[in-house]
Amino acid sequence: MDKFRMIFQFFQSNQESFMNGICGIMALASTQMYSAFDFNCPCLPRYNLAYGLGILLVPPFILFLLGFVLNNNISMLAEEWRRPQGQRGKDPAVLRYMFCSMAQRAMIAPAVWVSVTLLDGKCITCAFCTSVPVETLGNGSHPRLSQGEIQRVLARIPCKEIYNGQELIANEVAVRYLRCISQALGWCFVLLMTTLAFLVRSLRPCFSQAAFLKSRYWSHYIDIERKLFDETCAEHARSFAKVCIQQFFEGMSTDLVAARCHLPRKAPVDTGEAAEKLLGITDRGTMNMVLKSWHRCKPPLHLHPPAPPTENGWAGEGQPPTHPSVPRRETAAYYSSV
């Protein structure tokens, strides 16, 4: 349990680790889904190709979209892309980095599905069983079958229990031929994906490391800023609700006292801290204006130093006034080593 707890804490350490964990879980889920999937080829000339390629390509597309849906940054990317210019400019490099990062993680589960499907070979066998070279692997000079009948016989290759074309081509020969081609394509796909991942990881820092660091930094900043803004809004909403409810009950108690209902007196709940967290925003219209202003014109990414005091009229002009020196009091301390 301690190991699982450490792994879970690592996944929760930051957004990138969390999404890596989600993609790993989706990759494992895709292999479990394929192993639990009951593959039934229709064994008909017009439907084998559609069924085989559908099983090969449609689930990866669904997993790719699911990877985007589970990624929390997709809403942040859409919000940053669609928001008005305001006081803060939009950096296309940051948007590209966020999209590429999400796309790379979302591609893991589809790549695993395609790799497992090709290495298993059932989809390719079902989709291209009618394209088996009968002249090379079987008896191409069979006189009793027309071309349409040959296609119907070959379409039954994936269905061993109803295949009746042993005189034309042996079922084991056709299945092994198609499965070898599928496994070759699967290993080529795995090699291609591994090579692309290696090139992206190793060559990207050699060309645009500075731009990559800047994009990564501001992408993390946007994520952290959004989280802090949500936490601040939740804290303000909690304080607003607390003060509103307290005022409601105080008003009700006043009305009951006016109606000569004697109620037990209790110590009033201290709402001073909650009122301080409201920051002067005490009505719905003002809060809506603040939220709209945050969306339309976010503050620029430039921190201003605190302004010096202006009570004596020296702020920003010359040096601050000097005060008469106060005599310093010196004390001596002696320590014993006993």
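## Basis of the model

Residues are numbered from 1 along each chain as its sequence is written, and side-chain values use heavy atoms, with hydrogens and water left out. Because the model is predicted, local features need pLDDT of at least 70 and side-chain atom pairs count only at pLDDT 80 or more, whereas totals for chains, interfaces and linings use all residues.

## Overall fold

The chain contains 12 helices and zero strands. Helices here are DSSP runs of H or I with at least four residues, strands are runs of E with at least two, and both are numbered from the N terminus. Of the 338 residues in the chain, 26% are buried. A residue is termed buried under 20% relative accessible area, exposed over 50%, and partly exposed in between (1.4 Å probe, protein chains only).

## Annotated transmembrane regions

An unreviewed UniProt entry carries the annotation "transmembrane region" for residues 21–37, 49–70 and 184–203. UniProt positions follow the numbering used here, feature names are shortened, and annotations may be inferred rather than shown by experiment.

In the model, the span of residues 21–37 is 94% helix and 0% strand, and its end C-alpha atoms lie 24 Å apart. The span of residues 49–70 is 100% helix and 0% strand, with 32 Å between its end C-alpha atoms.

## Nonpolar surface patch

Leu 192, Leu 196, Phe 198, Leu 199, Leu 203 and Phe 207 make a nonpolar surface patch of about 630 Å². Patches consist of residues with over 30% relative accessible area and no salt bridge; nonpolar side chains (Val, Leu, Ile, Met, Phe, Trp, Tyr) are joined within 5 Å, and like charges within 9 Å. Accessible areas come from the Shrake-Rupley method with a 1.4 Å probe, and for residues only the protein chains shown count as cover.

Leu 203 belongs to helix α10, residues 171–258. Leu 203 is classed as partly exposed because its relative accessibility is 39%.

## Largest pocket

The largest pocket has a volume of about 850 Å³. Among the 27 residues that line this pocket, Gln 104, Arg 105, Ala 197, Val 200 and Arg 201 are the closest to its centre. The elements giving two or more residues to the lining are α2 (15–36), α5 (92–106), α6 (108–120) and α10. Helix α10 provides the largest share of the lining, 14 residues.

A pocket is an open set of points on a 1 Å grid over the protein atoms alone, where a 1.4 Å probe fits, with protein on both sides within 12 Å along at least five of seven lines; lining residues have an atom within 4 Å of a point. Grid points are joined across faces, edges and corners, and the volume is the space filled by probe spheres set on the points.

## Salt bridges

The model has five salt bridges, each defined as a side-chain nitrogen of Lys or Arg within 4 Å of a carboxyl oxygen of Asp or Glu. Glu 80 and Lys 298 form a salt bridge with an N to O distance of 4.0 Å. This pair links distant parts of the chain, 218 residues apart: Glu 80 is in helix α4 (residues 73–82) and Lys 298 in the segment after α12 (284–296). Glu 80 counts as buried because its relative accessibility is 6%, and Lys 298 likewise counts as buried at 6%. Glu 80, Arg 83 and Lys 298 are linked in a network of salt bridges.

In a further salt bridge, the closest N and O atoms of Glu 225 and Arg 88 are 2.8 Å apart. Glu 225 lies in helix α10 and Arg 88 in the loop between α4 and α5, so the pair ties together parts that are 137 residues apart in sequence. Glu 225 is buried at 10% relative accessibility, and Arg 88 is buried at 8%. Lys 160 and Glu 172 also meet in a salt bridge (3.9 Å, N to O). Lys 160 is exposed, with a relative accessible area of 55%, whereas Glu 172 is partly exposed at 45%.

## Backbone at Cys 43

Cys 43 has a positive phi, near 55 degrees, in a residue other than glycine. Most residues other than glycine have a negative phi. Cys 43 is found in the loop between α2 and α3 (48–70), and is buried because its relative accessible area is 4%.
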